[in-house]
Amino acid sequence: MRKGRDLSFFDLVSIDQVTPEDLGLLYDVARRFREYKTYKFSFNKGSSQVNAFFEPSTRTSSSFDLAAKQLSMDTAGVSSNSSVEKGESYLDTVQTIDSYNVKTIVIRSKESGVPAVAARYTQASIINAGDGWHEHPTQALLDGLTMLDHCKSKDMKGRVVVIVGDIMHSRVFGSLVRLLKTLKAEVRISAPLTLIPEDVEKFGVKWYGKVEEALTGADVVYALRVQSERGANGFIPTLREYSKMFGISRKRLDLAKKDAILMHPGPVIRDIDVHSALAAVDEQSYILRQVENGMAVRKALLWLIVDRIDGKKKTFTRK
Amino acid sequence: MRKGRDLSFFDLVSIDQVTPEDLGLLYDVARRFREYKTYKFSFNKGSSQVNAFFEPSTRTSSSFDLAAKQLSMDTAGVSSNSSVEKGESYLDTVQTIDSYNVKTIVIRSKESGVPAVAARYTQASIINAGDGWHEHPTQALLDGLTMLDHCKSKDMKGRVVVIVGDIMHSRVFGSLVRLLKTLKAEVRISAPLTLIPEDVEKFGVKWYGKVEEALTGADVVYALRVQSERGANGFIPTLREYSKMFGISRKRLDLAKKDAILMHPGPVIRDIDVHSALAAVDEQSYILRQVENGMAVRKALLWLIVDRIDGKKKTFTRK
Amino acid sequence: MRKGRDLSFFDLVSIDQVTPEDLGLLYDVARRFREYKTYKFSFNKGSSQVNAFFEPSTRTSSSFDLAAKQLSMDTAGVSSNSSVEKGESYLDTVQTIDSYNVKTIVIRSKESGVPAVAARYTQASIINAGDGWHEHPTQALLDGLTMLDHCKSKDMKGRVVVIVGDIMHSRVFGSLVRLLKTLKAEVRISAPLTLIPEDVEKFGVKWYGKVEEALTGADVVYALRVQSERGANGFIPTLREYSKMFGISRKRLDLAKKDAILMHPGPVIRDIDVHSALAAVDEQSYILRQVENGMAVRKALLWLIVDRIDGKKKTFTRK
């Protein structure tokens, strides 16, 4: 399934690093892994991974952890509790982990830019599992796979993707919108103006104050969570008001194309972002497929990063 | 050791699901696993498990985790910290985990009923590792094995089991008493009336206000912890008073049969539930054997659930 | 690489147990493991380990966890959150873990002496990963390896090691100073008198109030962190003042021998213990090599403890 191909990058810090060729390779491999479900491959045996989640995570950390283990990697977890609290810098923590000679370090951080800096000082490959409000590239990759499979196409040309919700505090948006432009989708965004970053037009998206207008004729409806833990509540009158104006209901979803799909990066706040009747069970909801694709994409990424055919390595050498 | 046998259930939510045939199969297999200690079997290789402990746990979670790993499963842990706190429903969390295509999800929850609901919406087999004050079926299974091995019998007919302590807040009691009735034991309970649920007679047990009377002639003395974290302290004058009236001392244990055994699901609060001199070291204490049997029973359960000979599957299909 | 050799001990509670022969064996094996990096050996397959970190830890716990996994052990973690908080004694927790029939239990505890007591009541081998202010023997072992490799020697005879910093609250010091005496090093210590324990002379070390005097002619400069979480701040005027008087700067490091190395057990508090420019990147800094050696030494220890050639076992038998 690889046909001698390698990725163009050693660390995945931003979705901008992913070329169309990388995308093709990742998705070819991910689709095969998806068929094999939790089958234990020996591809990465003898390599180790540390999951460094400096911000709590349920789905992303367990997904990366199982993906690595199903490739026969040994993994360990490092969380926000210890060394950093004693006053150690992130960089020292990451370089310490790097000294275990692990092949991959998966990093989630409250602050933007931690994975990018880390990648410059480690032999291990750094994978960004979400940094601040900035990027979450593997989420974009799994979302792209979900959309392309639905559209049975190699790109999203002529397709309308509507992203609804708390765009300002969302790292998911930061990566997804870049990928969607590469895939040539028409991207519409809809949210209260207070949840829209100032410079959002630079991404070539169009803002709709009325969600109904945005949804009309959509191929993909992508809802985002109001990120209360990042203070989003201060930007909307009430959650109830938000839900009334922007929550995805049956009626609103019906404004989209008949075969449109509903997506959400999770965790879903039922009856706020998305009405309960739609969340996981509706025929049009692809939320659980996103999760399944996440496992497949992460497994593809870890295999391709650790087991290069061309034998090339990151140039950084620890002294 | 299986002789072509399969369990009658796909999820273990309540001890009521366990038929006498299931019990025979589980114990035959568990006794063999016990001999092999931590030997690494490849029986469940290629299957994965998520341990979803929404309430903290030491012994149960590490026991399930090692049991799965010793069967060559890949495991990941999900705890109470993240998605649920962001406002996700338990059901969405569990369905997300199910979308990893894991074979087993082990759930502990503060609320009763979470595993039962989860089992209706997942392809994975759900194993209840304790839900609220309700049930803790694998604890009952390991307790049953410990008692039967001690009695060298297939049931507990004519045997007296005395359960002493905080019955009201105990999920251990909820499962154990059901199993003991199936095994035909005579069950006596002893505790301050304030720690006895109103409808306890429905289980066919007899309450003793004086622990000495209950203990006289007992085959098994089963002490329960006063569950301060569930507010039990409000139901007794003081822990000291409780200990004086109901704590298991040398003198009290001697009222039971000469070869009676002392059991406790742990963690033991020394000198409250059980006097220090008895806890782990006394010849009659089987507390550590319970732990050893717990590992064996859980390994048996995981093997039998994941690796069915008849090839049958849960009927739920994720769309 | 073992040449039929075994260790003289079954539990590693104190560095005092490590004979010169043990040290030679451990380092021979560790140096080989170091070459193989994260290679997955099957040496300890079928054995399990529990990492019982009752005090939070980043580097030590992940290092022990990966070391065990790279030897094909199954591992589980137990932390400070659950049973102990419900009122269980440490000893009961450890005996519970022992009843899983694991081969090794790695313990870190806030209180001194927990691993030593545990070792007397378990079949499993107990490894002390740091107890209170007392000992941290594997840290001393990895430090010894780092120093000997630098000196290309079998001992530290005629070499000067200067330990600077919060000696009073340091379990690292407790183990390291004992090992350094065995290795025949000249040990100097430097810190404010308030951070020096009363009876420190018993270790045969000399205290210097002026760090510059201590550093002159040193072969190894070993900085310790001011352990604020153990109340060290109360013993110094301010961290800034401490840094000014005792922090390791370029200028101070240059007082040592030209090829002297800078070591630190981590986590480093930059610009307090050690100036930023030196911490990880300076040619003389061996801090990351310490981490790499830690993995190798722990792997050597776990292999030698679990897989004995002479077939001997701990004498304790669980009833």
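**A walk through the chains**

Let's start in chain A, where residues 158-304 are 32% helix and 14% strand, with the end C-alpha atoms 31 Å apart; helices (H or I, at least four residues) and strands (E, at least two) are DSSP runs, numbered from the N terminus. This is a predicted model, so local features need pLDDT of at least 70 and side-chain atom pairs count only at pLDDT 80 or more, while totals for chains, interfaces and linings use all residues. Residues are numbered from 1 along each chain as its sequence is written, chains are lettered from A and ligands numbered from 1 in written order, and side-chain values use heavy atoms, with hydrogens and water left out.

Now for where chain A meets chain C. Here 25 residues of chain A are in contact (heavy atoms within 4.5 Å) with 30 residues of chain C. Four salt bridges cross this interface, a salt bridge being a side-chain nitrogen of Lys or Arg within 4 Å of a carboxyl oxygen of Asp or Glu. Lys40(C) and Asp74(A) join their side chains in a salt bridge, 2.6 Å from N to O. On the chain A side, strand 1 (48-53), strand 2 (74-79) and helix 3 (90-98) each bring at least two residues that touch chain C. Strand 2 gives the most, with five residues.

Over in chain B, look at Asp22(B), which sits in helix 1 (residues 20-36). Asp22(B) touches Asp6(B), Leu7(B), Ser8(B), Phe9(B) and Gln17(B), leaving aside its neighbours within four places in sequence.
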